[in-house]
Amino acid sequence: LHGGKEVVIDAAQKDRRLPSLLKKLHLRSMLIVPVLLRGNLLGVLSVDSGEAPHRFTESEVKLVRFIADQAAVGIENIRYCQRERDKAKEFGLLAEIATTGTELHEERSILSLAIEKAVSLMRVDAGTVFLIDPERWIPTLSVSRGPSLAPTGRPKPLSPRGLEGMMALSQKPWAIPNIGSEKKLP
């Protein structure tokens, strides 16, 4: 199947290639065709006969292959449309944030919209965004949805050993899969 070839089994109960689970289904004959998308195996389309043995003709094999190919085209179209919808959603979000910024002329409003959209689109419980004075490394403005991770109290410079400081230094996104095991978090 990985090579793009169909498998025709006329006597399924006698075929040693089949797992015992399939034999327990009392299948007599099988036609298994790979569902390929750009040479990659997505799955298989299996046409089975359990009542009586069935000799699959060449035209039946071609028909099932055609159906498998059409399924692959349909899957490719669905995936393409989903990617385009995702892009449109991202561009719409960017436009909304930019428009809000030019209309309101207020940083807090832009940050509020940004964190609201990020939390909503990712379907997570909370989020925080804060701005940093790049010369003094002091947080200047923060907005949260849910519990805030922004430094509290009197503003003090971020430590390069703390998580916020390390993120600011790296200037790259960070993903922490398990906050409980992160030693740099208080």
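This is a predicted model: local features need pLDDT of at least 70, side-chain atom pairs count only at pLDDT 80 or more; totals for chains, interfaces and linings use all residues.
**The β4–β5 hairpin**
- Strand β4, which covers residues 127–133, pairs in the antiparallel sense with strand β5, which covers residues 138–145, and seven bridges connect the two.
- Within this pairing, Phe130 has Ser142 of β5 as its bridge partner.
- The two strands, β4 and β5, form a hairpin with four residues between them, and Trp137 in the turn has a positive phi of about 60°.

**Asp133 and its surroundings**
- Asp133 counts as buried because its relative accessibility is 18%, which falls under the 20% cut-off for that class.
- The side chain of Asp133 reaches the backbone nitrogen of Glu135 at 2.9 Å, and a polar contact of 3.0 Å joins the side chain of Asp133 to that of Arg136.
- When neighbours within four places in sequence are left aside, Asp133 is in contact with Ile138 and Thr140.

**Two residues with a positive phi**
- Arg123, found in the loop between α3 (107–122) and β4, has a positive phi near 55° although it is a residue other than glycine.
- Arg123 counts as exposed because its relative accessibility is 73%, which is over the 50% cut-off.
- Gln171, which is not a glycine, likewise has a positive phi, of about 55°, and its place is in the segment after α4 (163–170).
- With a relative accessible area of 71%, Gln171 is exposed.

Key
Residues are numbered from 1 along each chain as its sequence is written. Side-chain values use heavy atoms; hydrogens and water are left out. Two strands pair if DSSP finds at least two bridges between them. Buried means under 20% relative accessible area, exposed over 50%, partly exposed in between (1.4 Å probe, protein chains only). A polar contact is a pair of N or O atoms within 3.5 Å; within protein, one must be able to donate a hydrogen and the other to accept it, and residues adjacent in sequence count only if both atoms are side-chain atoms. Contact means heavy atoms within 4.5 Å.
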